[in-house]
Amino acid sequence: MPRDLRSQLPNCICILAYEEATRNFPASECEPALEFFFTNSLRWTPARTHAEALVHITSTFQAYRVQKLREQWLNPQSVPAAVVEKRKRDGRTIIDTVANFVRRFVFLRDKTYYTLVAAWILASHLHKKFEYLGYLFAYSPERQSGKTTLLELLNLLVCESTGLQISPTEAVMFRTAEGHTHLLDEVDRLRLH
């Protein structure tokens with residue numbers, strides 16, 4: 001671990017990060033997870049309370065897990081043989097793994113929707129193989145029901161996300177259309193001509 005990354009954060013944050021890493025990762029993953037944490041914490045304003053620091057640490061480690069999962073999708077040869085064997089024994093496919101990941105953060109009324117969302121995420125990585133690819137439209141009759149949370153999760157998992165966009169202009173849509181996945185939030189506020 002580069003010493004200069006650690007020296008820019010208070011000692012109590014470094015100690016908490018080490019404790020959380022050893023508690024949540026196997027020994028082989030601790031060092032890369034901590035390096036990811038320190039690299040992504042350089043611009044972070046240190047927390048004033050212990051709880052704020054723990055929230056930052058756990059969310060950064062969760063982002064590390066998502067990045068590793070995404071790397072495994074894009075490069076299946078990097079998945080350890082033991083993990084592949086365990087998936088075969090469990091009868092789980094990559095769609096099941098992604099669906100279970102989405103289920104941890106988002107509640108969907110029908111369980112089959114998790115499989116649909118997971119299939120759409122994987123299809124976004126394979127979009128060049130299809131002539132047509134459908135849209136995923138999340139809606140609910142009530143506000144504050146988790147649509148933006150789903151979009152934030154999709155932002156981490158889809159291929160070349162443009163990030164969450166609210167009322168993008170036609171020019172922005174045109175420039176970022178090729179090879180990117182658009183995630184539009186607050187679509188009900190868009191004015192269609």
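## Ground rules

Since the model is predicted, local features need pLDDT of at least 70 and side-chain atom pairs count only at pLDDT 80 or more, while totals for chains, interfaces and linings use all residues. Residues are numbered from 1 along each chain as its sequence is written, and side-chain values use heavy atoms, with hydrogens and water left out.

## The overall picture

The protein has nine helices and two strands; these are DSSP runs numbered from the N terminus, with helices being H or I of at least four residues and strands E of at least two. Along the sequence the order reads α-α-α-α-α-α-α-α-β-α-β.

Of the 193 residues, 30% are buried (under 20% relative accessible area; exposed is over 50%, partly exposed in between, with a 1.4 Å probe and protein chains only). The protein exposes about 13,400 Å², and carbon and sulfur atoms supply 55% of that (Shrake-Rupley method, 1.4 Å probe; for residues, only the protein chains shown count as cover). Take the contacts (heavy atoms within 4.5 Å) with a separation of 6 or more: 52% of them join residues 24 or more positions apart.

## α2 against α3

Helix α2 (residues 11–24) packs on helix α3 (residues 27–39) at about 145°, axes 10 Å apart. Axes here are lines fitted to C-alpha atoms, for helices over the stretch in contact, and angles run from 0 to 180 degrees between N-to-C directions. On the α2 side you'll find I13, C14, A17, Y18, A21 and T22, meeting C30, L34, F37 and F38 of α3.

## α6 against α7

Helix α6 (residues 94–105) and α7 have axes that come within 8 Å and cross at roughly 115°. From α6, I94, I95, V98, A99, V102 and R103 make the contact; α7 brings Y114, T115, V117, A118, A119, I121 and L122.

L122 is worth a look: this α7 residue counts as buried because its relative accessibility is 14%. L122 and I95 sit 27 residues apart in sequence, yet their C-alphas are 7.7 Å apart in space.

## Past the end of α7

L133 belongs to the loop between α7 (112–125) and α8 (147–157). With a relative accessible area of 39%, L133 is partly exposed. Together with L126 and F130, L133 forms a nonpolar surface patch of about 260 Å² accessible area.

Patch members have over 30% relative accessible area and no salt bridge; like charges are joined within 9 Å, and nonpolar side chains (Val, Leu, Ile, Met, Phe, Trp, Tyr) within 5 Å. A salt bridge is a side-chain nitrogen of Lys or Arg within 4 Å of a carboxyl oxygen of Asp or Glu.
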